[in-house]
Amino acid sequence: MNQFILVLPTLVVLVGALVLMFLSMYEKISTKTHIVVTSLFLVFALVFSLVNINTNYSVQAYESFLHNLLTFDSFSNFFNTMLIFGTLLTVLIGESYFRNREYFKGEFFSLILFALFGMMILTQANELVTAFIALEIASFSVYVMVGFNQDNSKRIEALFKYLVLGAFVGAFFLLGLVLVYGTVVSTNFADIQNYIINANTNDLVLVYIGLTLILFTFLFKIAAFPFQSWLLDVYQGAPMIVTAFMASTFKISIFALFLRIILDTVAPIFDFWDTLLTIVVIATLVIGTWLALTQESVKRMLAASSIVHTGYILMAFVALTYDNTKIANIDVSYSIMFYLLAYMLAALGSFGLISQINSKSLIRVTFSDFNGLAKQRPFYALMLTIFLLSLAGIPGTIGFIGKLYVFTETIKAGYTLIAILAILATIVSIYYYFRLIAAIYFYPVKEACATQNFNEKSVSNYAIAVVAIATIIGGIGSAIIFFIPSLSIDTITHLTNIAIQSLFLN
């Protein structure tokens with residue numbers, strides 16, 4: 001297999017970030033030009049990543065140069081394709097939002113590609129130091145993007161809260177890394193796995209402590225209990241399109257690394273964290289549901305609901321059970337990856353669409369601000385309804401299939417009570433999602449928020465329509481729309497199978 005083809009997607013994104021950084025020095029270059037250049041680099045990266053999407057492989061490319069720091073396999077390629085696609089959709093959906101906000105300069109588009117580059121390296125990381133560096137590259141880029149909204153007085157609070165807490169939790173990762181290295185004398189995933197398999201319980205004490213500290217960093221980045229308190233304020237202070245990027249695409253890379261470490265490294269001892277993760281899942285579901293129920297701001301409601309979806313995904317991680325070094329329920333891994341794709345589409349669509357609505361009107365903040373949207377802009381109302389139905393897990397959407405897979409595999413693994421709690425959380429979520437749908441369709445128009453200068457042919461609207469179509473097709477598969485088999489449920493499941501199998505290639 002051509003090694004250069006394998007590294008091309010990552011290189012294209014890095015080169016794109018550098019090119020946009022230099023272009024940002026010239027103020028005469030318009031925002032539209034930056035969007036076009038960014039999109040072109042992302043399209044090229046996406047094409048190169050799709051070349052091997054249906055191939056099962058695992059390659060240590062350019063070993064003499066990279067020294068096995070990165071693994072290029074079907075697993076990382078699957079997630080990188082999702083990350084590139086999610087970033088491309090973010091840029092396209094935000095086109096109108098970017099052009100109607102003067103504070104979006106060329107630097108922003110360079111930052112979003114640097115963030116993507118860090119996330120891609122994170123999915124390919126083959127050892128802990130590389131993973132930490134990649135995580136920080138992505139995180140620092142996101143920190144700056146959070147503070148880009150000069151029109152929002154809360155941006156400083158959001159930026160510093162995220163920066164300070166993120167740096168503090170990053171220290172946990174470093175401390176855990178040091179403890180693991182002090183015991184194993186290596187940070188390579190394969191070396192750590194070999195040590196775990198051959199060591200006795202007494203020799204694993206520092207490894208347990210170190211990996212638990214690293215786990216805390218992951219829980220913070222995905223906003224799970226007890227590290228969820230920052231999320232609402234940071235999402236509220238960040239530009240809407242940045243919130244869309246954080247809620248959908250950024251989380252995927254964190255879960256990708258988490259899943260790789262579990263499947264490829266700590267499988268024999270993962271049951272050590274069963275009780276801890278069970279408590280985390282229960283608390284995340286309960287707290288996230290309560291926060292979503294009590295919000296009057298639509299943006300904060302969607303942010304709180306993202307905590308609940310994090311709980312659903314973590315529930316599947318708890319359902320991973322092991323027998324020595326062999327995975328007893330690998331189907332859970334497939335359900336995790338499918339759910340991540342389903343949530344990315346729904347979250348990116350909902351947050352992105354609201355940013356598009358706000359780019360064309362006075363700012364809509366509360367539920368009442370969306371009253372009568374269906375009468376003003378039926379296209380927006382329909383698209384937002386599709387995304388909300390998917391988030392709620394209503395049949396006919398990809399969100400329903402994702403929940404069905406996760407809940408089913410959790411029950412099969414014997415965690416019935418957690419699955420019941422998740423089902424109850426889903427039932428409750430229907431209230432706060434349908435509350436917005438009711439405002440859109442069944443309440444009088446709020447004239448103060450009338451949409452102005454609506455351009456039905458804008459790039460943003462086409463991108464939103466693509467996400468909505470994918471959300472529907474992902475839910476009904478190819479049973480009805482048989483002429484688009486590449487988006488069917490079976491195809492997605494097949495690709496996830498290939499991705500997971502590549503982790504176990506020698």
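Predicted model: local features only at pLDDT ≥ 70, side-chain atom pairs only at ≥ 80, totals over all residues.
Me: How many helices and strands does the secondary structure of the protein have?
Reply: Helices (H or I, at least four residues) and strands (E, at least two) are DSSP runs, numbered from the N terminus. Here there are 21 helices and four strands.

Me: Why is the protein described as compact as a globular protein of that length?
Reply: The radius of gyration is taken over C-alpha atoms, and the globule rule is 2.2 Å times the number of residues to the power 0.38. For 506 residues the rule gives 23 Å, and the protein has 22 Å, close to that value, so it is as compact as a globular protein of that length.

Me: What share of the residues is buried?
Reply: Buried means under 20% relative accessible area (1.4 Å probe, protein chains only). Of the 506 residues, 62% are buried.

Me: Which residues touch the most other members of the largest nonpolar core?
Reply: A nonpolar core is a set of buried Ala, Val, Leu, Ile, Met, Phe, Trp, Tyr and Cys residues joined through side-chain atoms within 4.5 Å. In this core of 189 residues they are Phe79, Tyr162, Leu259, Leu314 and Phe317. Helix H15 (residues 331–359) gives the most to the core, with 19 residues.

Definitions and conventions:
Residues numbered from 1 in each chain as written. Heavy atoms only, no water. Buried < 20%, exposed > 50% of the residue type's maximum accessible area, 1.4 Å probe, protein only.
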